Amino acid sequence: MALVSDAGMPLISDPGFPLVRACIEAGLPVEVLPGPSAALTALVASGLPAERWRFVGFLPRRRAERESLLEHTEETLVAFESPRRLAATLAQLAERDPDRPLVVCRELTKLHEEVRRGRVAELAKHYGESPPRGEIVLVVGGAGSSSNDPAGRADALAALHALVEAGARPRPAAKVVSKLTGVAANELYRQLMDDA
């Protein structure tokens, strides 16, 4: 299956995100053909929310600066990282937020392309044991996004349905549920409308 867009790089601001997410959850491979940059290609391939994201170039070398950046970014973060520093960066992030969603993209659009998705702790362990080669792009779920897994989204959606059934207006209710769960309000609202 191919998704083609005549509106520039697809899946950043169009309905393709649920398609990529469904493919990933079904265990199907997702290949992104070259976009305007490795950052956008990685963001689309990651399957992480792209409604709000931030590109920071290379992560800071100093531990305190890196920690501050990673801990205080609520949107999906896209960054380049040196393969020599990757294991240490992931170990540092795992100390603070082991369940945070993370995607490590390596050698995008090249022969040995690899997109590895998981939680920070499991990917820190993998790359600590198997140091990578090549160009690395990290896509990190927003701070507090560990609750954005499918089960967390299902619980958030159930809470939204309950509020609406009790008489709450859908948009304000979606905002409240979003604040409590970390699941994007627009995502919840769209799913609620799809279920109606």
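Me: Does E95 count as buried or exposed?
Reply: The model is predicted: local features need pLDDT of at least 70, side-chain atom pairs count only at pLDDT 80 or more, and totals for chains, interfaces and linings use all residues. Residues are numbered from 1 along each chain as its sequence is written, and side-chain values use heavy atoms, with hydrogens and water left out. Buried means under 20% relative accessible area, exposed over 50%, and partly exposed in between (1.4 Å probe, protein chains only). The relative accessibility of E95 is 56%, so E95 counts as exposed.

Me: Which residue forms a salt bridge with E95?
Reply: A salt bridge is a side-chain nitrogen of Lys or Arg within 4 Å of a carboxyl oxygen of Asp or Glu. The closest N and O atoms of the E95 pair are 2.8 Å apart. The partner lies in helix α3 and E95 in helix α4 (residues 86-96), so the pair ties together parts that are 32 residues apart in sequence.

Me: What is the strand order of the open sheet?
Reply: Two strands pair if DSSP finds at least two bridges between them. The sheet has 5 strands with mixed pairing. Its edge strands, each pairing on one side only, are β1 and β4 (114-119). The order is β1-β2-β5-β3-β4.

Me: Which hand does the crossover from β1 to β2 have?
Reply: Strands β1 (residues 53-58) and β2 (residues 76-81) pair in the parallel sense over 4 bridges, and the chain passes between them through helix α3 (residues 63-71). A crossover is right-handed if, with the strands pointing away from the viewer, the path from the first strand over the helix to the second runs clockwise. This β-α-β crossover is right-handed.

Me: Which residue is the bridge partner of V104?
Reply: Strand β3 (residues 101-106) pairs with β4 in the antiparallel sense over 6 bridges. The partner of V104 lies in β4 and is R116.

Conventions
Helix = DSSP H or I, 4+ residues; strand = E, 2+ residues; numbered from the N terminus.
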